[in-house]
Amino acid sequence: MAYWLFKSEPGEWSWDDQAASQGGEEWDGIRNYQARNNMRLMKIGDLGFFYHSQTEKAIVGIIKVSAEIHPDSTSDDPRWECVDVQAVAAMPQPVTLAQCKSEPRLKDMVLVNNTRLSVQPVTADEWAIICEMGDYQNNPD
């Protein structure tokens, strides 16, 4: 299993929207090659952090990949693809970007070093640390 972080502007698609959806939703609208290439690596069952960007800047939920890469329905351009994700659980205590940056064990995390990348990998160690920071006890590992 691999781990990821998905960034969303809460005004466009929030954790509440994701949690209320019935089943998988396309993670659409990504127009960055590196983010798209990260989605190409995803497998069904991979887990991800749901991150509210813009003002909140915090990990607020856990999602899982429910469908592998396929054409993005919001584009006619075949270069743009996406995966589907579904909500797993809210993060009991949101973990802010500031907290991640102040945690020495996360100094190499992509989020800490490249806050603009909208879909990014998370290592197993980073996953465990953030789950601990957010008091998420149902970590499947």
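Is aspartate 108 buried or exposed? In this predicted model, aspartate 108 is exposed, its relative accessible area being 57%.

## Salt bridge between lysine 107 and aspartate 108

Aspartate 108 takes part in a salt bridge with lysine 107, in which the closest N and O atoms lie 3.2 Å apart. Lysine 107 likewise counts as exposed, at 55% relative accessibility. A search of the whole structure returns 6 salt bridges, and the pair formed by lysine 107 and aspartate 108 is one of them.

## Network around arginine 105

Shared partners connect salt bridges into one network that comprises Glu103, Arg105 and Glu132. Within this group, arginine 105 bridges to glutamate 103, with a separation of 2.9 Å between the closest N and O atoms. The side chain of arginine 105 also meets that of glutamate 132 in a salt bridge, at 3.7 Å from N to O. This second pair links distant parts of the chain, 27 residues apart. Glutamate 132 belongs to helix 5 (residues 124-133), whereas arginine 105 sits in the loop between helix 3 (97-102) and helix 4 (110-113).

## Accessibility of the network residues

Glutamate 103 is buried, with a relative accessible area of 17%, because buried denotes a value under 20%. Arginine 105, at 45%, is partly exposed. Glutamate 132 has a relative accessible area of 55% and is exposed, since the exposed class covers values over 50%.

Technical notes:
Residues are numbered from 1 along each chain as its sequence is written. This is a predicted model: local features need pLDDT of at least 70, side-chain atom pairs count only at pLDDT 80 or more; totals for chains, interfaces and linings use all residues. Side-chain values use heavy atoms; hydrogens and water are left out. A salt bridge is a side-chain nitrogen of Lys or Arg within 4 Å of a carboxyl oxygen of Asp or Glu. Buried means under 20% relative accessible area, exposed over 50%, partly exposed in between (1.4 Å probe, protein chains only). Helices (H or I, at least four residues) and strands (E, at least two) are DSSP runs, numbered from the N terminus.
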